[in-house]
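Me: I'm new to this one and would like to know what the labels rest on. Can we go through them one by one?

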Amino acid sequence: MFPTPIAKRSRRWQLTYQAVLPFALILWLLPLIAVAMFSIKPAADFANGNYWGWPSSFEGFANYGKVFFESNMPRYLMNSVFITVPTVLGAIALSSMAGFALGIYRFKGNLLIFFMFIAGNFVPFQILMVPVRDLTINLGMYDTIGGLVLFHIAFQTGFCTLFMRNFIRALPFPLIEAARVEGVAEWRIFFYVVLPLMKPALAALAVLIFTFIWNDYFWAVVLTQGPSAQPVTAGITEFNSQFRAAYHLMSAGSIVAALPPVAMFFLMQKHFIAGLTLGAVK
Amino acid sequence: MSSTTTPATRSWYKRNEIAITPWLFLLPAMLFFAVYVIIPIGQSVSISFHEWDGLGEKTYVGTANYERLLGIGEQKMDRKFETSFWNNLKWLLLYMLAVPAGLFIALFLNQTVRGIRLYKSLFFFPFVISQVVVGLVFSWFYLPREGLLNAILALFGSGPVNILGDPTMATYGIIAAGLWPQTAYCMILYLTGLNAVDPEQIEAARLDGAKGRKMLWYIILPQLKPATFIAFVVTIIGALRSFDLISVMTNGGPFGSTRVLSFYMFEESLSEFGFRMGYGSAIAVILFLIMLGFIAYFLYSMWRDERGVH
């Protein structure tokens, strides 16, 4: 292990390390802690200039209650869910099939198609913006959840295919050959041999795509307009103009908007990290 | 029953099963990807040679959009484009700090003490939050009156600074906000990488008397190469994609000093002053060409690895 395990160092080193650790963490998360603190303060504290002192009263329930009951926030949160979940399912379905084709079969253009998916995944969003917006309008899907979902599925398929193909490549190939010798149809090999082995990859991608899509802002602004279809990342700006300069409410709102992916991360940490490292760093 | 009525088609499919199946499996993904990603790139290039408000007819204007952007001929280079381009360069260079910073934190956290797993996840935390919230959090952190930054500076006796209101500092303020989640990302890449470092090599090097910085440079870093590669890829892409933070924190201001190409493109194409899709597309194409250089390099290294395996 590198650096040298702290257990092998002197007692003084160990104590210093243990003491520095929480301090470093607080420093690292300082901006976030500040917002969390804002979100439980009463409005009066801001009027009196008590920004950083102890809250004069605990108003957490009142502030978060306002977010949930006196704004469009619940609506935006629901929209985010309805955008994110179908995207995750769609992207994973498409890419596990594509990954299977690219990972198992040898045919002309295999590597070319694979590289197309990778390259497309790195492209700047702006080069897609005008045509995709135009296409969505022509399909009659501007400012609808469906319009966003279709685009997200298509775009995420690039990244997911990269991941799936590399994962399938690493599976033991003799397993598939054995199934072929037995006369199992190719589509059955996919469903009954390969898919069950892909469970870790499916979980990793699901968590990762959930976070990516939940946090998307650019496409939400380009393809949607109002509370009927906008996800929470875009809705938060409307929320903030509703509560202009009411920092306690804006802080509570942002924490609510940020929470679902955070919860997802803490619940599925192992899968999340496996996905992030593209499975390349083992 | 059915197998006896359609023997011809069945056997044809059976005979070509291995050749046809991959295409059937690829079809849906390729269709989606072509319609929403590949074809739009071509369309954008074509729109960039037109003048278009997004609704009416397109008027072909040749390379006029590019000439205006780059200042070819008698006109001067578009000042907003120039600012955006230099800001993009600042983003690209300063964003790279995330890689060594991530490595530093990873080395700091790569220990086995009580509760270290929780520490690691909490350090990673900023990456999971949406950039919109990161932007809000930092713009409140920077507030001249209410912000925590100035409260801390006051403790040291420094005067209040209005980072996002000062054209010379605003871009750096936003980049600092962006470095926060990006460093967390690089940190996690290195933490997983450090896990896979071969302990025998470390022991052998230790016996040879290597330690500290020398050990890191000659023994550890070479083994972390895959992690470093991915860290650079995601950081470069992240720097060139920067949009959310700028939009949330300054909306391009003050006096347009924080624009980058991706933001300027959006502004030109969908601003309240009218939709100039042709001009916007020209900006997008230039951004795309910059990115294409990096993409080509990434693909080349991946292709090299692919050939190495087989």
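Me: Which residues of helix α9 of chain B are buried?

Reply: In this predicted model, the buried residues of α9(B), which spans residues 148-155, are Leu148(B), Leu149(B) and Asn150(B). Their cover includes α8 (131-141) of chain B and α2 (30-38) of chain A. Just past α9(B), Gly157(B) takes a positive phi of about 80°.

Me: Why is Phe255(B) called exposed?

Reply: Count the neighbours: Phe255(B) has 10 C-beta neighbours inside 10 Å. The label applies at 12 or fewer, so Phe255(B) counts as exposed.

Me: And what makes Asn251(B) partly exposed?

Reply: Here the count is 13 other C-beta atoms within 10 Å. Exposed needs 12 or fewer and buried needs 20 or more, so Asn251(B) falls in between and is partly exposed.

Me: What is the phi of Asn251(B), and what is that of Phe255(B)?

Reply: Asn251(B) has a positive phi of about 55°, though it isn't a glycine. Phe255(B) has a positive phi of about 55° too, and isn't a glycine either. Most residues other than glycine have a negative phi. Asn251(B) sits in the loop between α14 and α15 of chain B, and Phe255(B) has its place in that loop as well.

Me: Where does Pro254(B) lie, and which residue does a cis peptide bond join to it?

Reply: Pro254(B) lies in the loop between α14 (244-249) and α15 (261-270) of chain B. The cis bond joins Gly253(B) to Pro254(B), with omega about -10°.

Me: How do you know that Ile283(B) is in touch with Phe81(B)?

Reply: Contact means C-beta atoms within 7 Å, and Phe81(B) is among the residues that Ile283(B) touches, along with Leu69(B), Leu261(B), Tyr264(B), Met265(B) and Glu268(B). Residues up to four places away in sequence are left out of that list. Ile283(B) is also one of the residues with the most contacts inside the largest nonpolar core, together with Ile209(A), Met187(B) and Tyr190(B). That core has 175 residues, and draws at least three from each of domain 1 (6-59) and domain 2 (69-276) of chain A.

Me: How many residues does each chain bring to the contact between them?

Reply: Chain B brings 79 residues and chain A brings 75. On the chain B side, helix α3 (residues 17-47) gives the most, with 20 residues. By class, that side has 59 nonpolar, 15 polar and 5 charged residues.

Terms used
Residues are numbered from 1 along each chain as its sequence is written. Chains are lettered from A and ligands numbered from 1 in the order in which they are written. This is a predicted model: local features need pLDDT of at least 70, side-chain atom pairs count only at pLDDT 80 or more; totals for chains, interfaces and linings use all residues. Helices (H or I, at least four residues) and strands (E, at least two) are DSSP runs, numbered from the N terminus. Two residues are in contact if their C-beta atoms, placed from the backbone, lie within 7 Å. A nonpolar core is a set of buried Ala, Val, Leu, Ile, Met, Phe, Trp, Tyr and Cys residues joined through C-beta atoms within 7 Å. Domain bounds come from an automatic or database domain assignment. Ala, Val, Leu, Ile, Met, Phe, Trp, Tyr, Cys and Pro count as nonpolar, Asp, Glu, Lys and Arg as charged, and the others, Gly among them, as polar.
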